[in-house]
Amino acid sequence: MKKILIYISLLAIIFACSSNKNNNTSSFESIDEAVIVEVSIDSLTGSIEKIDRSNEDWKLRLTELEYQVLREAGTERAFTGDLWDNKKKGTYTCAGCDLPLFDSETKFRSGTGWPSFWEPANSLCVAEEADNAYGWNRVEVLCARCDGHLGHVFEDGPEPTGLRYCINSVSLNFVEN
Ligand code: FE
């Protein structure tokens, strides 16, 4: 009987270890595994398969503010987001579809009140479009997978790129290393 209990305990430990391992390797696991494919930044070499959802579907998945910013190109108030002053090491992912977008290594203090980066984690992950709204000539930054609005990119950033990706905190989730 004692041997059987030890055997069962060993099986439980092995199962627990394998579960933990899976958790560690699924940092970018999708919110909807049936639609969103897990993406590793290092493995990205080609185009990214788009996610196309109705506005009604997005409204069910996002908070009101996330919807306003991600789907309606809104802007959160400066210094109000959770991540503008985040100094932890990790990866910033899309709040709409979990695609890895920026690495903490490229985050810098811009003083704007929005998370700021000098480079995307992978150029395939972000799309850029001209934005001439309100009479400004700006470049909009979008998630390359779900077309969610992230923010804008400006040419007044630090070295080595000289770029400043000014991103809404609410458009991002953070996965600590
Ligand atoms: Fe996205």
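The model is predicted: local features need pLDDT of at least 70, side-chain atom pairs count only at pLDDT 80 or more, and totals for chains, interfaces and linings use all residues. Residues are numbered from 1 along each chain as its sequence is written, and side-chain values use heavy atoms, without hydrogens or water.

A pocket is an open set of points on a 1 Å grid where a 1.4 Å probe fits, with protein on both sides within 12 Å along at least five of seven lines; lining residues have an atom within 4 Å of a point. A volume is the space filled by probe spheres set on the points.

| Largest | About 310 Å³ | eight nonpolar, six polar, four charged residues |

Closest to the centre of the largest pocket are Thr 75, Trp 136, Arg 138, His 149 and His 152. In the second largest pocket, Trp 84, Asn 86, Lys 107, Phe 108 and Arg 109 lie nearest the centre.

Strands are DSSP E runs of at least two residues, numbered from the N terminus. S5 (138-143), S6 (149-154) and S7 (164-167) each supply at least two lining residues to the largest pocket. S6 gives the most, with four.

S6 and S7 run antiparallel, joined by four bridges; strands pair at two bridges or more. Val 153 has Tyr 165 of S7 as its bridge partner. S3 (residues 116-117) also runs antiparallel to S7, through two bridges. There, Ser 116 stands opposite Cys 166.

S7 is covered on both faces. Arg 164 and Cys 166 on one side, and Tyr 165 and Ile 167 on the other, are all buried (under 20% relative accessible area, 1.4 Å probe, protein chains only).

Conventions:
Nonpolar A, V, L, I, M, F, W, Y, C, P; charged D, E, K, R; others polar. Buried < 20%, exposed > 50% of the residue type's maximum accessible area, 1.4 Å probe, protein only.
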